[in-house]
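Work through the exercises below with the structure open. Try each task before reading its solution.

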Amino acid sequence: KARQGDNVVNLSGMLEEGLLENEEQNDAIMMLSAENQQLTVALATMSTIVDSVRYNSELRIRVSELERERENARFVEQRDELEQEVARLVEAGEELTEENGRLGDEVAILEEE
């Protein structure tokens, strides 16, 4: 019976030790789980930041394209205005040439008189 009592005491001690280890392991698992959750949140945040940076970069490229298009449109508008001005000057030059011809004719008539 003494031996059985010793065995019971030994088993009881081993059981207590096992329960303590199990409790420590549960605590460690809970800590790892909390760290894992924090890392998951950090990863999601980083993913959002990467997506934002990518989107920002795409927007910058699009803004550059639109600015180039606007600048090109302004150059086309200026070119059109210059072409119209050249056409007006050509027309004015033709009118002056005609008037010079008439004045030349009048001078010739007056010189004959």
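**Exercise 1.** In this predicted model, find how many residues apart Arg62 and Glu65 are in helix H1, and relate that spacing to the turns of the helix.

Solution.
- Step 1: Locate helix H1, which covers residues 2–112.
- Step 2: Arg62 and Glu65 are 3 residues apart in this helix, so about one helical turn separates them.
- Step 3: Check the side chains: those of Arg62 and Glu65 form a salt bridge, with an N to O distance of 3.2 Å. The cut-off is 4 Å, so this distance qualifies.

**Exercise 2.** Are Arg62 and Glu65 buried, partly exposed or exposed?

Solution.
- Step 1: Under 20% relative accessible area is buried, and over 50% is exposed.
- Step 2: Arg62 has 39%, so Arg62 is partly exposed.
- Step 3: Glu65 has 30%, so Glu65 is partly exposed as well.

**Exercise 3.** Describe the salt bridges that Arg79 makes with Asp80 and with Glu83.

Solution.
- Step 1: Arg79 and Asp80 are joined through their side chains at 3.4 Å, N to O.
- Step 2: The side chain of Arg79 also meets that of Glu83, at 3.7 Å, N to O.
- Step 3: Glu83 and Arg79 lie 4 residues apart in helix H1, about one turn of the helix.
- Step 4: For accessibility, Arg79 is partly exposed at 45%, Asp80 is partly exposed at 32%, and Glu83 is partly exposed at 47%.

**Exercise 4.** How many salt bridges does the structure hold?

Solution.
- Step 1: The total is 6 salt bridges.

Definitions and conventions: Residues are numbered from 1 along each chain as its sequence is written. This is a predicted model: local features need pLDDT of at least 70, side-chain atom pairs count only at pLDDT 80 or more; totals for chains, interfaces and linings use all residues. Side-chain values use heavy atoms; hydrogens and water are left out. Helices (H or I, at least four residues) and strands (E, at least two) are DSSP runs, numbered from the N terminus. Buried means under 20% relative accessible area, exposed over 50%, partly exposed in between (1.4 Å probe, protein chains only).
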